[in-house]
Amino acid sequence: MDSVLQAGVISAPLQVIIDRLASFTVQETSQILGVDEEIRKLQRTLERIRAIVGHVEENRSIFSESHSAEAWEVWLKDVEELLYSADDLLDGVSLDLLKHRASRSAADGEDKQVRDMLLSSFKLTVPREISRIRQELGDIAKEMDAIFMIEVAKLGTDKQLKCRPVWRSSYSCGRSSLVDEECVVGRDRERTEIVGMLLDQELSRTNVSVIPIVGMGGIGKTTLAQIVYNDHRLVGKFDLKMWASVSMDFDTIRVTKSIIESASGERCKLSGLDPIQVSLQNLIRGKKFLLVLDDYWSEEYRDWDMLCSPFKVGARGSMIILTTRSRIVSRILGTVPSYCLESLNDENCWELMKQRVCANRTLEDNLERIGWIAKKCRGLPLAAKTLGSMLQFKDDPAEWRSILESEIWDLPQDKNDIFPALTLSYYHLPPQLKKCFTYCSIFPKNHAFEANELVLLWMAEGFVRPVGKIRPEDVGNDYFKGLLCRSFFQLSHVNVHGQNVYKMHDLIHDMAQLISTHACLRREDNHPTEECTSWRNTRHFSLHCKSIEPVILKGSVWYKNLRTFIVIHENFGNIQVSYDLFLKLKALRVLELSRLGLDELPDSIDHLKHLRYLNLSENHFRKLPESVTNLFGLQTLKLEQCLQLLELPSKMKNMVSLRHLHFDVRQLNCMPSEFGKLVNLQSLSAYIVGRSRGCGIGELKNMRFLRGSICIKNLENVSNVNEAKEAMLDAKPFLDKLELEWNDFGPNNNGEEILAGLHPHENLKELMMINYNGFLLPSWFSNPLCKLASIYLQSCHHHHILTPLGKLRHLKSLIIEDMYSLSHIGPEFVGFPSLESLAIKDMPSLISWSGFNGGFPCLSTLDINDCPRLTNLPSFMNTNLLRCLNISRCPEIRTLPDDGLPVSLQALTISESDLIRDRCRIEEGEDWYKIRSIPKIEIDYVEISWEMRRF
C-alpha cells in the first residue's frame, strides 16, 4: 500500500494509544508498578512519531513519489506493530487488575497477599516490555526523522512542503462551466428539477438561495451543474452568471478572484482580501446572479462566512449552486434541502462507455455482447468514462474480459481517474474516521450496516476516542454520521424494527479494501485459510461461508495477531468450534459466531482475555460455558434468537465491563444472582424477576444508565409496592420503551400495587403491559408530565383501565388485545386528543360499540380484528382525519354506520367478515354506495379497481 495511505491508517491508532497512555499515567497502577517515567518517555516518542506521520500525510505528493517511499511504508508498518504491542500490554495490566477487583471475596489479609503477588509479577515484566517498545519506536523515529530532513533539504525550504494531489489526472484540476451536452447521459430528470428550483418563485423572494448538490466522488455533480448552468431555460433569467472551482485547498482570496474573473472576463490583479471582495461587491450589487461553486470541501463556518459576505448585495432571486461530497457542507451553506444525486443505471453507464470505445470505430458484435461490463461501474459516470478509455484500443474479447475480472484498482494508473477521485474523500477524513472506514472492508460488498451495531464494533476495537463524559456510543454515532455525511455510506432502507439500514457503494468498498490490504483480510470458504506470509500482520479477519457441509473452525499460527474474527454464513451453518481456536486468538477484541448452528462453545473461550464484543446470536446453545464470565473486559454480549438457551452463566456479576446484553427471554426463567452489580449496562433486553435472594427486581436499582427498551418479566414474583420501588424506574430517564409482564393470577395478586411502584420516568415513550389484572391504573398515568406516545395492552383482564387513557395528551398509538372482560365500548371511551392509530384485536366478548362521542379528533388509522361477537361499528361522524379502516375476522358486523364513512377515508379493507362483505358487494350490496368513492378498497384480499366500479 502507498506510504501516504498507510500514514492515514496509522494516525488514528497513534492517537488512541497516546490517549490510553495519558489515562494510564494518572492511575495509581502506573505509580505502584514503577513504570510512570517509562510511560512518559514512551508518550514523548509517540508524539514525535505522530508529528512526523502528520507531515508525511500533509505532504503526500512528495513522499509518495520519493525514493524513500518504500522505507516509509516499512517504518509505518513497524510503528503499527509496536503500537498494537503497547496496547495489548497496557490493556492486559488493566484487565488483570479489574479481574482482581471483581473477583475478590477472600479475607482482607488474603486479598492483600494476592494483590501483592499480582503487582510483583507486573514489576518484573511490564517496565521491561515498555522500555523495549519505547527503544524500538525511538530507533524508528530517528530513522524517519533523518529521511524527513533529507526530503526537506532536497526542496531547499520547508515552505515548499505543500500538499498537492497524489495522482496527476484530469480529475485533480478545477473544471470550467463548459460542457459537451451531447456526451451527457441519463441526467434529464435531475437537470429539469434543478432548473425548476432556480426558477421557483418562492426561492426568488429571498436575496440569495444556496442549492447544494451532494454525492460521492465521480457521480457527476459537476457535470450536472454544467448542464444546468448552460440550460436554455435560464437565458435572460439572471443578470450575471459566474463559475468558480473551489477545491479541497480552500482559499478565500483565490476563489473570490476566480468569481470576479468569471463575471468580468478579465484577470483580477488585486492581491488583498478587502479590495478583492469590494471589487466583487461592486460587480454584483443590485444584480440577480447565478453562481456555481464547484467542488466545495471546507466544513468550517468561518470559511463560508468570509467567502459569502460580498454576495449579500445581490438582487432578490440570486442563486448559488454548490457541488460537494459532504452533507456537513450542505448544512452549513444550503438554504434549501440538499439535492442528493443518485447513481446512473447500467444502460446509461454502457452508453457513456461506448462514447469512448466507439470514438473512431464501430463496435463489433462480439464486443457489444460484453456490454454487461458496465455493471462494473456501479452507476458511477467517472468509472464508465475511465473503463471506456481503457477499452478504446482493445479489440480482443479476452482483453475485455480481463478488465471485467480485474479490480478497479489493478487497472493501469496512468488512465485511471477513479482512484484519485475517491481517495480525495479519504484524505479529507479526520484521522479517527479513517480507521473506522477501512475496518468496514472486512464485510462483503452490499453488506447491510446498522449504525448502532457498527459503533459497538468500533468501540471494541478501540477506534472510538473518549471525549469527556460523553458516552463512547454517542461519540461512535457521531463518527458514523461523519462518514454518512461525507458519502461513504448511503441509506438503503428501513428495517422491520424501524431502524435505518445503510450500504457502501461497491467502489467505495473497493477503496477501503485497497487501503486496508495489510490489516484486513476477507476470505470465502472455498479459498484456503492456511497461513500465508502476507497474512502475518493481518489484524481483522472475516470468513464467509456458503457451504452447507459441516465445518470445524480450528486455530492457526497466523491468528495470533488477530483482533477481529468474524464468521458470516449466508444460511444457517453446520459449524463446530475446536478447543484450540481460542488458544490462538490471544489478541482478539471482536468475535462474531452468529447463525452458525453451534450447539456448544469450548470453555477455552476465557483465553480471549482482551475480548470486548461477542456475538453468538441465532445458535442452538442450551447453556454457555461458565468460563465466559472470566471475560472481564467484555462490553457487548449478544445472544439474540438463541431459542434453546435455558440459563445464563451463574457468575455474570463478574462481567463488570458489560455495557450491552441482548438475549431472547422465551426460555429463560431467571437471572443470575447479584446481576445488579453490572452497573455499566446501557442496554438490557430483559430482566426476569426471581424469588430467591439476589434475583429480585431490586437488582435493577443501580442500573441508572439503562436506555432504549427493557422487558421486565415474572412480575408476580414481586411481593409488594416497596419491593417494586426498589427497581427505581423513575430514576432511569433514558428508557424509551418498557414492557411489563405478569405470568399468573393467584388469588392474592396485587397487580395495582406493583404497577404503582413501577413508576417510570416521565420521559418514557412506549409502554406494553401483558396479563395485568388490576382494576385501576396508578396515579402516575395522569401525571401532566407523562409523555407516553404508545400503549399496548395484551391480555389485561379489566376494561376499567381504559378510561384514564383518554386523558393522555401525547398518546398517538393504542393497541388493545385479548381483553376478555370488555363486552361494550361506551361513552367512557372518550378523549384521546392526539391519538392517530387505534387497534382493537382478539376481543372474544366484545358485542357492541356505541360511538366515538366527540373524541379521537386526530385518528387516522383504525384496525378491528378478531372480534367474533361484535355486531356494529361506531359512528365516525367526528373522525374527520380517518384515512385507513381495516376490518378482519369480524363475522357478526351487520352493516356500516348509518351516517356513512368519513370523506377523508383513503383505504378500506374488509376480510373474513361475511355479513358486511355481502353488504359491500359492487352495485348490489346495500352499503356499496357508502364506500364506492374510497380510493382503495380491498375485500377478501381482492382490490376493487376503478375499472370494476360502475358509477
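How many bridges pair strand β3 with strand β4, and in which sense do the two strands run?

## The β3–β4 pair

The model shown here is predicted. In it, strand β3 covers residues 289–296 and strand β4 covers residues 318–324. Four bridges pair them, and the sense is parallel.

Backbone hydrogen bonds hold the pairing between strands of a sheet, and the pairing can be parallel or antiparallel.

## The five-stranded sheet

Strands β3 and β4 belong to an open sheet of five strands. Read across, the order is β2-β3-β4-β1-β5. The pairing is parallel.

Which strands stand at the edges? They are β2 (240–247) and β5 (339–340). Each has a single partner strand, so one side of each has no neighbour in the sheet.

## Helices on the sheet

Helix α9 spans residues 252–264 and packs on this sheet. Helix α9 touches β2 and β3. Its direction makes about 150° with that of β2.

Helix α11 is formed by residues 301–308. This helix lies across β1 (208–214), β3 and β4. Helix α11 runs at about 150° to β3.

## The eight-stranded sheet

Another open sheet has eight strands. Their order is β8-β9-β11-β13-β14-β15-β16-β17, with parallel pairing. At the edges are β8 (520–524) and β17 (683–684), and each pairs on one side only.

Strand β14 (residues 613–615) runs parallel to strand β15 (residues 636–639), and three bridges join them. Which residue of β15 is the bridge partner of Asn615? The partner is Lys638.

Note on methods: Residues numbered from 1 in each chain as written. Predicted model: local features only at pLDDT ≥ 70, side-chain atom pairs only at ≥ 80, totals over all residues. Heavy atoms only, no water. Pairing = 2+ DSSP bridges. Contact = heavy atoms within 4.5 Å. Axes fitted to C-alpha atoms, helices over the stretch in contact; angles between N-to-C directions.
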